[in-house]
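Here is a short tour for anyone meeting this structure for the first time. Have a look at the sequence and the model, then read on.

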Amino acid sequence: MGASSSPGILRTILGSCVGICVYDRMKKVGGMAHILLPNNPGDGNPEKYADSAIPLLISRLMKDGAKKEFLSAKLAGGASMFKFNASVTLGQIGERNIEESKKILEKNGIPVLEQDTGGSTGRVIDFFLEDGRMKVKAGGQEKLFYKV
Amino acid sequence: MHAHIQQRIQGIINNLDQLPSIPDVASKVLTMVNDPDVAFKAIADEISKDQAITTNILKLCNSAYFSKGKEISSIDRAIVTLGIKEVKDIVVVAATREILNKIIVGYDLARGELWKHGIAVAVLSKRIAVLKNQKAIADIAFTGGIIHDVGKTVLALFVQNTFREILDLAQSRQIQFSDAEKEIMGFDHQEIGEKILTKWKFPEVLKSIVRYHHEPQKAPAEYLPIVSIVHIANTLCLMAGVGIGADGLYHELSDAAIKTLGLTNREMEDLYGDMPRVLDQASGIL
């Protein structure tokens, strides 16, 4: 997990994991959580589960001076294997990661403005802390998400 | 299918000089380890002949992942302290680093990503082998994990120009990426990998791992468990984004592999959730 103020770029590579980019548009501070699974069993690394990583990220940003009412989020990742037997629960982990991330963000009153999620593609994401834009590179193509 | 691409790849396979090489010591050690009549001393002497690789091997023996605490300063000591199987794995790490630790253009892997992927799959494969009572083959699973994608180093050049077609075919026909590679180029990276291992004179079991890691159900019955282990480890590492390239997750998670190993849903999720620790361990080898 990374949190810092501008200038700076946070980069991560995602498969079924979800990258959650949170930004304060007024203070221009932001941070990224990279979660592997939706729910922390209790003793897991808090940075790797949506339900513990997102609150942790928010509290770090607030420590850096962010205000909750100015925060917004962008999501990327949550891909699934192209083919798997439906009885294998890990196969749905990408979708569960997206769902839980959205739920925790909503609980904290943080709107999700843009997302590039799902499918079977791998994603490299860059989160630019100068203005909160997110660049997603997937399957050899780049997309930019500007809303903050 | 592009006939001219198929011909060019066939040309590379026919002319062994064009396939990547690794130091001879690796295949010699792999053969010697399997021969019960060969003394450890003979293996240590064989490794020690290659001064450059010996230096790297000793460094790895003392790394966080392999070290047993005591400083190791000779190959003899390494074999006594770590055991012959562990030293064999270390020889393969040292011998293959140069050819795997580079940019893999067509698959869009930056320098070091394929290497990191191989090491992570190796570490996780060993863990799965131990978890599922296959400890006797844990070292082979580790070796297979390192090199399973070696075919990508050769095929990448051709994938670079055909990537869109391969991906489109995979999507339109609902087939996995490696099957689409074969349809478009006449070969997939598993087949090329097997040819490379033939050049290196590596044993059949490792060839099977490389050849069938995306389709373990097609592996010879005797190698099904070990191919399944590397298949699962590869899948979990890709899902975690480790070494995930332009081919993304356009692969199949084999039900046959899960059933062969008797992995439960809980075990699969726990292994996946443990990826951060696997990566920590792997970083001690990089």
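In this predicted model, the largest nonpolar core holds 146 residues, and the members that touch the most others are Ile20(A), Val22(A), Ile35(A) and Val91(B). When it comes to giving residues to this core, helix 13 of chain B gives the most, with eleven.

Let's pick Ile35(A) from that list. Leaving out residues up to four places away in sequence, Ile35(A) touches, among others, Cys17(A), Val18(A), Ile20(A), Tyr49(A) and Asn97(A).

Now over to helix 13 of chain B, which runs over residues 224–239 and includes Ile229(B). Ile229(B) counts as buried because 34 other C-beta atoms lie within 10 Å, where 20 or more is enough. Setting aside neighbours within four places in sequence, its contacts are Ser125(B), Ile128(B), Ala129(B), Gln134(B), Ala141(B) and Leu261(B). Lys126(B) is 103 residues away from Ile229(B) along the chain, yet their C-alpha atoms are separated by 8.4 Å.

And where do the two chains meet? On chain B, 27 residues are in contact with 27 residues of chain A. Several helices of chain B supply at least two residues each to the side that touches chain A, including helix 13 and the ones below.

| Helix of chain B | Residues |
|---|---|
| Helix 9 | 152–173 |
| Helix 14 | 255–261 |
| Helix 15 | 265–273 |
| Helix 16 | 275–283 |

Helix 15 of chain B gives the most to this side, with five residues. By type, the residues on the side of chain B that touches chain A are 15 nonpolar, eight polar and four charged.

Terms used. Residues numbered from 1 in each chain as written. Chains lettered and ligands numbered in written order. Predicted model: local features only at pLDDT ≥ 70, side-chain atom pairs only at ≥ 80, totals over all residues. Helix = DSSP H or I, 4+ residues; strand = E, 2+ residues; numbered from the N terminus. Buried ≥ 20, exposed ≤ 12 C-beta atoms within 10 Å, placed from the backbone. Contact = placed C-beta atoms within 7 Å. Core = buried A, V, L, I, M, F, W, Y, C linked by C-beta atoms within 7 Å. Nonpolar A, V, L, I, M, F, W, Y, C, P; charged D, E, K, R; others polar.
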